[in-house]
Amino acid sequence: MRNITKKTGFLLAIALIAVCVFVGCGDKGGSGAGLKIMYVTNTLDDYRTLLQEATISTASTEGVTLDVQEGTSSVDDQVNQIKSAVSGGYDAIICLMSDSSTALQLEAVAGDLPIVFVNSMPSEDQLDADKYMYVGSQERDAGTFQAEYVWDKLGKPSSLNALIFMGEPGHSGTIGRTSAVKDYFKDNGVNADFVFCDYGNWSDEIAADKFNIFLRTKQDFDAVFCNNDTMAIGIVKEMKKHGFDTSKIPVVGVDATAAGCQSIVDGGMQFTAYQSAAGQGEMGIKTAIALATKGSAKGLEGLNDEGTIVWVPFEPVTASNVKDYQ
Amino acid sequence: MARQKKRSSGTSGSSGSKINGKREKKIKDKLLQSIMPAVLVTIVVLVLISSVLTRSRMHEMAQSELEASITNQSDNIEAWMQENLENFSTIKTTIEAVKPSDDELADLLSAYVGTNSNSPNGVYAASQSGKLYVGEGAELSVSDPTSTEWFKQGLTRVDMAYGEAYKNSDGVYVISASGIINDGSDDLKVAAADVTLDKISIIVNSGVKMKHASSFLVNTDDNMILAHRDSSLVSTTLSPGSSDPVLAGVYEKIANADYSTDQMGGYTVAFSEVSNTDWLLVSYIENKIIMANVTRLILILLLVGLLAVIIISILIRLIVDRVIKPISAITENISAMSSGDFTIEVSNTSNDEIGRMGEQVGKFVGSMRNMLSSINHESERLKIQSDNSDTVSRNMYDASQSQEEAMENLNHTVDELAIAVNEIAENATTLKMVVSDTKANSDKASESMKETVDISQKGRADMERLSEAMDGIRLANDELVTSINKVGKASDEITNIVDMIGDIAEETNLLSLNASIEAARAGEAGRGFAVVATEIGGLANNSADSVNNISALIDQVRGLIDDVVSQANASARSIQENSELIATAMQTFDQIFQNIQSTSDVIDEMIIGVSKVDDVAANVAAISEQQAASADEILETSRSMVEQAQSITASSQDVADNSHELAETSQTLTGYVQQFKIKKEDE
């Protein structure tokens, strides 16, 4: 008996040590120590700069050697950068594609090297669990947040008249954000009448023009949903011109751009959804580390069922928290 | 040899041939019994594995085929709708560019009527004020355009887009594309164009690229079926309680907005959302159809398997028959052998293992024959020899019995010898102990003697020191006498000096008298001098007195010295006497010391002697113990010799019995060997 107990104890101890070692390796901060990751990006704009900075800072806290390539809009340049990552003995690539339809070509060049696509989403069937993954925000979230805010703001009415200004036809942001708004009301049993729903092509001018045409239909409206902040700002401007009270008729956007946030501060727009550059940068590095060390993204927050996408949630921005995003 | 014997004894039953017959069957059956289940299991497993693999593969293939088909359909619908929409949009853009008056607009619209077969009425328009603009030749009757669905939907956008399907005034399901005409006029106009669902139905119902698959189109907004092969279902609404498992399942999927390929009541169902619409294209195929091929494949596999089993069993039978044929000849020979017939001849035909077996059996029969005849011969000789040995063993028995008796006597004698030797050993041991004690005592005496020698040596040394001390005392006494004598001389000198001083004092006294006389003569002038003279006279008198005293004292001292000298001389004499006595004592001590020394030497010699005696006694004791042990051993040996003699007696009895038995056995053996038929060959 005693022998058995001793043996069991011994085995347990070994198991415990093993578990400690493994868990210790997997869990602690700085788990990416010694890894070499390449960051390939599109030509920098405000948002991409923020994303790049977040990626760099996460890399340094995780102890990863991050090699940031010069941002380029050229597919050829990105292909060459990825080729150099393959020959340079990198452990993973984080890539913000200059053209989201080139994923397959980049994957072919990378070969066995895992690629974490960020921000610009390739077609889902071109993603591969634990190999070619996407880190980004779910477009539908932005629409859901918008609808949630508006419905609450209007006092949860059973019916409402709303305007939707969509982005470009066929764009994933357009489809996801718009359908989420419609679905939100449908799911909550709200009889939402979208008295105007047209493409504004992300442009404040086109949105404003179409808003003016809508005004000629002389229909009432309770809220204006815009697929982005730029269009929302254009609408706010027109509404003020025509004497509409934007504090009573909420105009909501997406992106939390500087102008968008300023508009919220100035009492124009009421709401915007922030696509977290910090979150995408952080999760991009974490996903790359997970793929390079464990060969699996399992356990990462926001991972979808197929194991191909790590969703970084949108963050709602209102007058109460807009300071944090300016 | 042994194996062959066993085999011959094993098969030498009365029913040998029956057993042989059974055996022949058994080899065949055994082979079949062991091979067929394995073959069967293998075939069944193969069929199972291939069917399972084929099933899942077929399923995957069917699924992807279904998905490809539905994507194609969906793309076709989209392309068709897009094409029409672009056509309508172009017309609308033209209107917006031309900005026509009401009449002009009617003319413009008329130009397009009939140009698009999918939309025979062409583009039409209506204003918010209720005016309807329809091209010439178009069959459209709308009483209140502003209340129509297309108008309301059109007011929600500038870019033309399709709205929900609805039944038009002719009772036909159509969908309208509509949008605001942005011509800047105050009376806002909406342009619209209808397409019937017929074309879409054709794409949905006949555009399925997968055989046996079906499709239908649903509007996810209101769950209405827009197109279905079963026309009675068109324009009905999906409900969760539908008896059709696919329709019920699709309802669930739409409710969950989950459009992944799924299984529903024996159907594989795929989905595709039609872009820019709320439409969902559903395509499904019955699993039975997919699996029909699999079932046929399994059937074929099973048939092939069965055929294989039959062919294998026939083959095994044939092969075993061919293989066993030569064995049956060998078996016959072995049967003859088992019944004791070694006259057989084995014929050898084949050159395989079985041929070699026959050859070996032939050789075996030959050697058995030779062996049996020699056994026969040998057993007869053996019988004679065993009779002889019976006699010899009886003689041996007698001899051993007498030896046993002699042995017992010897044993008795040795017993006594052992007792005697043991006694000697005991005595020797006692002697040894006594001598050891003596040695210990004499050792003690030697020690005491040594102590005595030491003490006497010390006494003599003390005596010598005493004598030396005596000499010292005498010398000191002599010195004392000398010193005292010197003192006597000194006191004599002092007496002389004192006498001299007495003379001086007397003369001084005379002088002082003279002086006082002279002074008296001098008269007054000598008065002072007279005083001095008187004083000096006094002084001289005093000195004379002192000298007398000193003389008296010195006389006393001289008397004392004389006493001391006489006493010192007396003590010198007594010292001399003591010294002589001490010398005598020393001589006596020397004598004692020498005597003790010689005694000690004698004791030492005695101890050496005793030690030698001790060693000898020890040796004697050890030897006598060894002797005792040896005697015991001898005793033991003689005892075992007695036992052996007894067992020899017993053994020789056994030998006698055995040789008797042997004689009988050899007789029996001869009888057995004569049963084998070997003489035929010899004769």
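Helix H8 of chain A has a buried set made up of A:Asp229, A:Thr230, A:Met231, A:Ala232, A:Ile233, A:Gly234, A:Ile235, A:Val236, A:Glu238 and A:Met239. The model is predicted.

**Helix H8 of chain A**

- H8(A) covers residues 229-241.
- From its first C-alpha to its last, H8(A) reaches 18 Å. This is close to the 18 Å expected at 1.5 Å a residue.
- A:Gly243 follows H8(A) and has a positive phi, near 80°.

**Helix H6 of chain A**

- H6(A) spans residues 172-187, which makes 16 residues.
- The end C-alpha atoms of H6(A) are 21 Å apart. At 1.5 Å a residue the helix should span 22 Å, so the two values agree.
- The buried residues of H6(A) are A:Gly173, A:Thr174, A:Ile175, A:Arg177, A:Thr178, A:Ala180, A:Val181 and A:Tyr184.
- Helix H5 (139-153), S6, S8 and S9 of chain A are among the elements that cover them.
- Just after H6(A) comes A:Gly189, with a positive phi of about 70°.

**The six-stranded sheet of chain A**

- Six strands of chain A form an open sheet. Their order is S2-S1-S3-S4-S5-S11, and the pairing is parallel.
- Strand S2 (65-68) and strand S11 (309-311) of chain A stand at the edges. Each has a single partner strand, so one side of each is left without a neighbour in the sheet.
- From one strand to the next, the twist averages 20°.
- Strand S1 (residues 36-40) and strand S3 (residues 92-95) of chain A run parallel and are joined by four bridges.
- One bridge pairs A:Val40 with A:Cys95 in S3(A).

**Helices on that sheet**

- Helix H3 (residues 75-87) of chain A packs on the sheet and touches S1 and S3 of chain A. The direction of H3 makes about 175° with that of S1(A).
- Helix H2 (residues 46-62) of chain A lies across S1, S2, S3 and strand S4 (115-118) of chain A. H2 runs at about 155° to S2(A).

**Chain A as a whole**

- Chain A has 10 helices and 12 strands.
- Of its 326 residues, 48% are buried.
- Among contacts in chain A with a separation of 6 or more, 72% join residues 24 or more positions apart.

**Where chain A touches chain B**

- In this contact, 10 residues of chain A meet eight residues of chain B.
- On the chain A side, strand S7 (191-199) and helix H7 (204-215) each supply at least two residues.
- S7(A) gives the most to that side, with six residues.
- The chain A side divides into six nonpolar residues, one polar and three charged.

**Chain B as a whole**

- Chain B has 10 helices and 10 strands.
- Buried residues make up 20% of its 683 residues.
- Residues 24 or more positions apart account for 67% of the chain B contacts with a separation of 6 or more.

**A hairpin in chain B**

- Strand S3 (residues 161-167) and strand S4 (residues 173-181) of chain B pair in the antiparallel sense. Five bridges link them.
- B:Tyr166 has B:Val174 as its bridge partner in S4(B).
- The hairpin has five residues between its strands. B:Gly171 takes a positive phi there, near 80°.

**B:Val142 in its loop**

- B:Val142 lies in the loop between strand S2 (132-133) and helix H4 (149-154) of chain B.
- B:Val142 has 17 C-beta neighbours inside 10 Å, so it counts as partly exposed.
- Beyond its neighbours within four places in sequence, B:Val142 is in contact with B:Leu132 and B:Thr148.
- B:Leu132 is 10 residues from B:Val142 in sequence, and their C-alpha atoms are 7.8 Å apart.

Definitions and conventions: Residues numbered from 1 in each chain as written. Chains lettered and ligands numbered in written order. Predicted model: local features only at pLDDT ≥ 70, side-chain atom pairs only at ≥ 80, totals over all residues. Contact = placed C-beta atoms within 7 Å. Nonpolar A, V, L, I, M, F, W, Y, C, P; charged D, E, K, R; others polar. Buried ≥ 20, exposed ≤ 12 C-beta atoms within 10 Å, placed from the backbone. Pairing = 2+ DSSP bridges. Axes fitted to C-alpha atoms, helices over the stretch in contact; angles between N-to-C directions. Expected span 1.5 Å × (residues − 1).
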